[in-house]
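Look over the sequence and structure first, then read the points below.

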Amino acid sequence: MASKKAAESTLYHLAPKGFWKRFRDAVVVNPEISSGLPLQGVNRWPPPASRPEKYATPATKASDPAQNPYWKRDVRRAYPQLSVVTQAGLSSLLIEHSGNQAVAAPAEGQGEGGAGAVAKPREVVDLSEAIATITSSAKVFSESKLPPSLPTPYKRWAPERAPDAPHAPHSYFPMLMYK
């Protein structure tokens with residue numbers, strides 16, 4: 001008695017019936033080969049898309065319309081905003097913010113319904129004069145207080161010798177390893 005050594009080719013696959021079975025038997029080279037089409041109820045159980053419940057997306061902060069306004073999500077109109085600083089404006093800002101800031105006492109006659117403090121008109125100073133005025137009164141930068149540098153997204157690489165790759169001790173090895 002011979003034992004079954006091969007898998008049954010039609011056990012989990014569709015097989016033609018009637019006219020198409022006779023046609024296939026007459027035309028095909030190996031009639032024992034499988035059709036390759038799996039039986040829907042046997043191959044995968046439960047079959048795909050047969051579950052009665054439906055998927056529901058979990059609620060997040062982004063799904064709450066009150067916490068997720070359209071203007072925060074609309075990236076098409078997030079244009080870069082231009083900012084213009086003139087030399088006269090920069091010089092007046094430098095002079096204003098160079099010294100210690102002090103809060104002025106309220107003047108007489110400006111009670112609860114008063115007009116408040118009146119801003120003094122700024123005199124236009126050349127930028128080079130403003131810088132000279134600030135640097136003459138106090139030393140702006142020193143070795144301990146350096147000027148700001150541009151931010152870089154990566155650390156600058158400093159070459160540092162690494163141990164050499166394995167090689168014979170007295171052989172010519174021109175390669176230097178760095179990390």
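Accessible areas here come from the Shrake-Rupley method with a 1.4 Å probe. By that method the chain exposes about 17400 Å², and carbon and sulfur atoms supply 61% of this area. The model is a predicted one.

**Secondary structure**
- The chain contains five helices and zero strands.
- Read from the N terminus on, its elements run α-α-α-α-α.

**Burial and contacts**
- Of the 179 residues in the chain, 6% are buried.
- Taking contacts between residues at least 6 apart in sequence, 39% join residues at least 24 apart.

**Packing of α4 and α5**
- Helix α4 spans residues 87-96 and helix α5 spans residues 127-137.
- The two helices pack with their axes 8 Å apart, at an angle of about 15 degrees.
- α4 is therefore roughly parallel to α5, because angles under 35 degrees count as roughly parallel.
- The crossing of α4 past α5 is left-handed.

**Residues at the α4 and α5 contact**
- Which residues of α4 and α5 make the contact? From α4 they are Q87, L90, S91, L94 and I95, and from α5 they are L127, A130, I131 and I134.
- By side-chain class, the residues of this contact divide into seven nonpolar and two polar, with no charged residue.

Definitions and conventions: Residues are numbered from 1 along each chain as its sequence is written. This is a predicted model: local features need pLDDT of at least 70, side-chain atom pairs count only at pLDDT 80 or more; totals for chains, interfaces and linings use all residues. Side-chain values use heavy atoms; hydrogens and water are left out. Helices (H or I, at least four residues) and strands (E, at least two) are DSSP runs, numbered from the N terminus. Buried means under 20% relative accessible area, exposed over 50%, partly exposed in between (1.4 Å probe, protein chains only). Contact means heavy atoms within 4.5 Å. Axes are lines fitted to C-alpha atoms, for helices over the stretch in contact, and angles run from 0 to 180 degrees between N-to-C directions. Angles under 35 degrees count as roughly parallel, over 145 as roughly antiparallel, 65 to 115 as roughly perpendicular and the rest as oblique. A crossing is left-handed if the near helix is turned anticlockwise from the far one by less than a right angle, and right-handed if clockwise. Ala, Val, Leu, Ile, Met, Phe, Trp, Tyr, Cys and Pro count as nonpolar, Asp, Glu, Lys and Arg as charged, and the others, Gly among them, as polar.
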